[in-house]
Amino acid sequence: MLFRSYIAAAEADAQAAPQELPAIFRAASMHKDSFTTLDRARFNTLSARFSHAPLSQQEGAFRAVLQIAPNEADALVAAGSFSFLRGNATDGQRFLERALQLNPGNFVVRRTLANGLFETKHFAEAEKVLVGMDSNPAVLPNLAICVLLEGDAARANTIADRLFASLQK
C-alpha cells in the first residue's frame, strides 16, 4: 500500500510539480525494502522513466516486471515499444499482441502496435492492424500510407478519399 502512495504522488507531481519528483523518489527509496518484489520492480520502472535513464535501462526495468508478472499490461506495452525502438519487430509485436489479448478493445495499444510495425517497415502487418480500426478517421492517414508503401496507389487514394470525405462532415 505504501508503494501505491508513492506512485500516486509521483504521477501527480510529474504533472503539477515535477521539481518535487526527486524528493518523492528519495523518500520511496528509503522504504523500498518494505515493498513487495513486484512493487520494487515497478518502482524501478518509474525511477528509470522519471530520471530519463538510457532506453536500455528503462527497457530492462520493464522486462524485470514481466519476469515477475508476465501479464502486466503496462509493462508489456512498454517492452513492446522499446523493442520496436530498437528495430526488433518480432519482440515488439509479440509483447503488444499479448497486451491486446489481455485487453482486446484497447485502441492505444492497437495503434502502438500498428505504429511499431509501420516504423519497422512491416507495412502489410501494420495495415492488418489498422484496418480493424478504420472506422476512426484518425487512423486513415496511416492506413493510406501503409497501402501506398505496399505499392497500391489506387487503394491508397480510395482510403485518402474516405479521409477527405470524413473531414467534410
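The model is predicted. Its chain holds ten helices and zero strands. Of the 169 residues, 38% are buried.

**Overall fold**
- The order of elements along the sequence is α-α-α-α-α-α-α-α-α-α.

**Helices H7 and H8**
- H7 spans residues 107-119, and H8 spans residues 123-131.
- Their axes lie 8 Å apart and meet at an angle of about 160 degrees.
- Angles over 145 degrees count as roughly antiparallel, so H7 and H8 are roughly antiparallel to each other.
- The crossing of the two helices is left-handed.
- H7 contributes Arg 110, Leu 113, Ala 114, Leu 117 and Phe 118 to the contact.
- H8 contributes Phe 123, Glu 125, Ala 126, Val 129 and Leu 130.
- By class, the residues of this contact are eight nonpolar, no polar and two charged.

**Asp 91**
- Asp 91 sits in helix H6, which covers residues 89-102.
- Its relative accessible area is 17%. Buried means under 20%, so Asp 91 counts as buried.
- The side chain of Asp 91 makes a polar contact of 3.1 Å with the side chain of Arg 94.
- Beyond its neighbours within four places in sequence, Asp 91 is in contact with Arg 63 and Ser 83.

How values were computed: Residues numbered from 1 in each chain as written. Predicted model: local features only at pLDDT ≥ 70, side-chain atom pairs only at ≥ 80, totals over all residues. Heavy atoms only, no water. Helix = DSSP H or I, 4+ residues; strand = E, 2+ residues; numbered from the N terminus. Buried < 20%, exposed > 50% of the residue type's maximum accessible area, 1.4 Å probe, protein only. Polar contact = N/O pair within 3.5 Å; in protein donor to acceptor, adjacent residues only side chain to side chain. Contact = heavy atoms within 4.5 Å. Axes fitted to C-alpha atoms, helices over the stretch in contact; angles between N-to-C directions. Parallel < 35°, antiparallel > 145°, perpendicular 65-115°, else oblique. Left-handed = near helix turned anticlockwise from the far one by under 90°. Nonpolar A, V, L, I, M, F, W, Y, C, P; charged D, E, K, R; others polar.
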